[in-house]
Amino acid sequence: MPHHITRRDFVNGAALAVAAGLTPLDQLLAQTAAPYPPALTGLRGSHAGAFEVMHGLAREGKTYSIDGMADEESYDLVVVGAGLAGLSAAWFYREQVPNARILILDNHDDFGGHAKRNEFSAGGRMILGYGGSESIVWPDYGKAAKRLFSALRLEPARFEQESVFHRTLYPGLKLSKATFFAKEAFGADKLVTGDPTVLGFDEFGASNPGARGIAAFLADCPLSDAARAGVLALYEGSKDFMAGKSKEEKLAILGKTSYRDFVDKICGLPKDAGDYFQGRLNDNFGLGIDAIAAYDAMEGGLPGAKGLGIADEFDAHGDEPYVHHFPDGNSSIARMIVRSLVKGVAPGRDMNDIVTARFDYGKLDLAGSSVRIRLNATAVIVRNEGKGVSVGYVQDGKLHRVRGRRTVVATYGMVMPYIVPEIPEESRDILSSNVKSPLLYTKVQLKSWESFVELGVHNIAAPMSTWSTVKLDYPVSLGAYQFPRDPKGPGAIHMVHVPLEPNQGLDARDQCRVGRQRLLETEFSVLEAGIRDQLQRMLGPGGFNAARDIEAITLNRWSHGYSYYWNSLYDDVEAGEANAEKAKKPIGRIALANSDTAWDAYAHSAIAEAARAVKELIGG
């Protein structure tokens, strides 16, 4: 451990050390003020204290009874979950009932759910990053989100301006995408620049500045000759590996064949060809190519469609730049909603000032406020009772009971059946089957990012490595916040790990279950060592020194990450979608809503589900 990083930076959920130079009185005031979760480093996301109560309920069969308990408080609406869906539900409800009294409960020590803000302090300036939900994705995000954004003065089109999203910064420094080949899988550690692959949504659209021709790129990759030739044929579309079959037959097969099996079995390519693709979709899908249908993988950007003659099946979404992104991701959306709901919690009025607005967490749950957000509070029972809803929650080890005229349950879908006993059995089975992908979104604060410039890279895919994506953060400036554009100065990088069990014969859900358990059991010190090792091996040739250059690490652990989506490899998609619609029907005065009830891991889906739930409860 470098001497300049204190141990408390790395304790689960520990606060940052008090900034150097403060007077003793200032230090005392800082220590006694309300906690400020965005500035915590170490193990965040699903942090210690956030999940134990629910695990006791769901895993160990623990039960809670609020029978005989008096209602401590009464509200017009109680919301379970302060993620984007829960916060949006509160906003839409208050839109319809302006004077409503609302209580929002959340099991974490911060609001926003997966829309997590990571703050660092370096050289007297703030460096922001996202620890989860990262982008609005695209401008056509649905009526509910448009209505909400308009009221909040959030203008997504602003991100298309170079002065906000600096799309020319990395190309101007001659930085390109790259692929890192680890010696354990490919025989040698090697970073190959100029990767021409465009996957899903990209900040540069389909242009991919700095990309080399695929043949030249592959010539530098440590692959066998047979693998290199096969991968080249897939990219160039020079061979139809399913010749003799009709387009309809090909599509049917690709929907029931994983991309890994497509490469290994249908194309007959050697193992290192499949390994070349193995981790490339982990970040976008939350699954590896052995658990993604070949059709979906090709739609997501992996090659093969051209040679099969089915390229016209896929949308050209790669042409749309992926730029609708705050410096702290969708946390700014959550913060804008909270600022509009809780009087005096933060200054400002629009998307410019939200980025640097300092929130007073001590005002989130004040007696007398019309909207209160109660953190570190895990709901354990929600039930219709009389003309309202009784809600039991645990905070600091104590069971409490509150009452609401109506309730929106906006927590994970698979948790809903454990806390809402009235959910019908068939619906319980559907909701419980939404097994979310486990994720580690990691932010590493660097003393400088000169090594990236020296190597000529900004985004590195690492197909068979623990951290499958390593990249410089999105270059966004907004309001008073300026992205750190000087490579000689501090910056932050984003790293993605999706703990799975690929190529072991497990379906997507079982891989996620196994990966989730491993994620929960892995100590921070082990993860930290892996981060340092992989960065050193990747960036060392560019002058990077992990002991010198890493100044802070925030690990955003999401044991329940991306919502499950209906997967043609394992599911009857049409039946699943129909059953999911039935499963989210309201139960009396209780409505269910989050991205899981949409089976779609996007912010706009969570917002749309919230609007739907409120409409079910009160109309409008």
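Guide: Let's start where helix H3 (residues 84–96) and helix H15 (residues 331–341) cross at roughly 35°, with their axes coming within 10 Å. The angle and the distance between the axes are what describe two packed helices. Here axes are lines fitted to C-alpha atoms, for helices over the stretch in contact, with angles from 0 to 180 degrees between N-to-C directions. Helices (H or I, at least four residues) and strands (E, at least two) are DSSP runs numbered from the N terminus. This is a predicted model, in which local features need pLDDT of at least 70 and side-chain atom pairs count only at pLDDT 80 or more, while totals for chains, interfaces and linings use all residues. Residues are numbered from 1 along each chain as its sequence is written, and side-chain values use heavy atoms, leaving out hydrogens and water.

The crossing of H3 and H15 is left-handed, meaning that the near helix is turned anticlockwise from the far one by less than a right angle. From H3, Leu84, Leu87, Ser88, Ala90, Trp91 and Arg94 meet Ile333, Ala334, Ile337, Val338, Ser340 and Leu341 of H15; contact means heavy atoms within 4.5 Å. These residues divide into nine nonpolar, two polar and one charged (Ala, Val, Leu, Ile, Met, Phe, Trp, Tyr, Cys and Pro count as nonpolar; Asp, Glu, Lys and Arg as charged; the others, Gly among them, as polar).

Now follow Phe111, which touches Leu87 as well as Ala334 and Val338. Among its other contacts, setting aside residues up to four places away in sequence, are Phe359, Tyr361 and Leu375. Phe111 is also one of the residues with the most contacts inside the largest nonpolar core, a set of 160 residues, alongside others including Ile104, Tyr259 and Phe326. Such a core is a set of buried Ala, Val, Leu, Ile, Met, Phe, Trp, Tyr and Cys residues joined through side-chain atoms within 4.5 Å. A second, separate core of 34 residues includes Tyr170, Trp467, Val470 and Ala546.

Next, look at Val402 in strand S11 (residues 398–409). Val402 is buried because its relative accessible area is 0%, buried meaning under 20%, exposed over 50% and partly exposed in between (1.4 Å probe, protein chains only). Its C-alpha is 9.3 Å from that of Leu103, a residue 299 places away along the chain. Leu103 is in contact with Val402, as are Asp71, Glu73 and Val391, among others. In the loop between strand S10 (388–395) and S11 sits Asp396, which has a positive phi of about 55° although it is not a glycine. With 75% relative accessibility, Asp396 counts as exposed.

At 2% relative accessibility, His166 counts as buried, and its contacts beyond four places in sequence are Pro475, Val476, Ser477, Phe483 and Arg485.

Finish at helix H20 (residues 524–539), whose 16 residues reach 22 Å from first C-alpha to last, close to the 22 Å expected at 1.5 Å a residue. That expected span is 1.5 Å times one less than the number of residues. Its buried residues include Leu527, Ile531, Leu535 and Met538. Phe524 in H20 is buried as well, with a relative accessible area of 4%.
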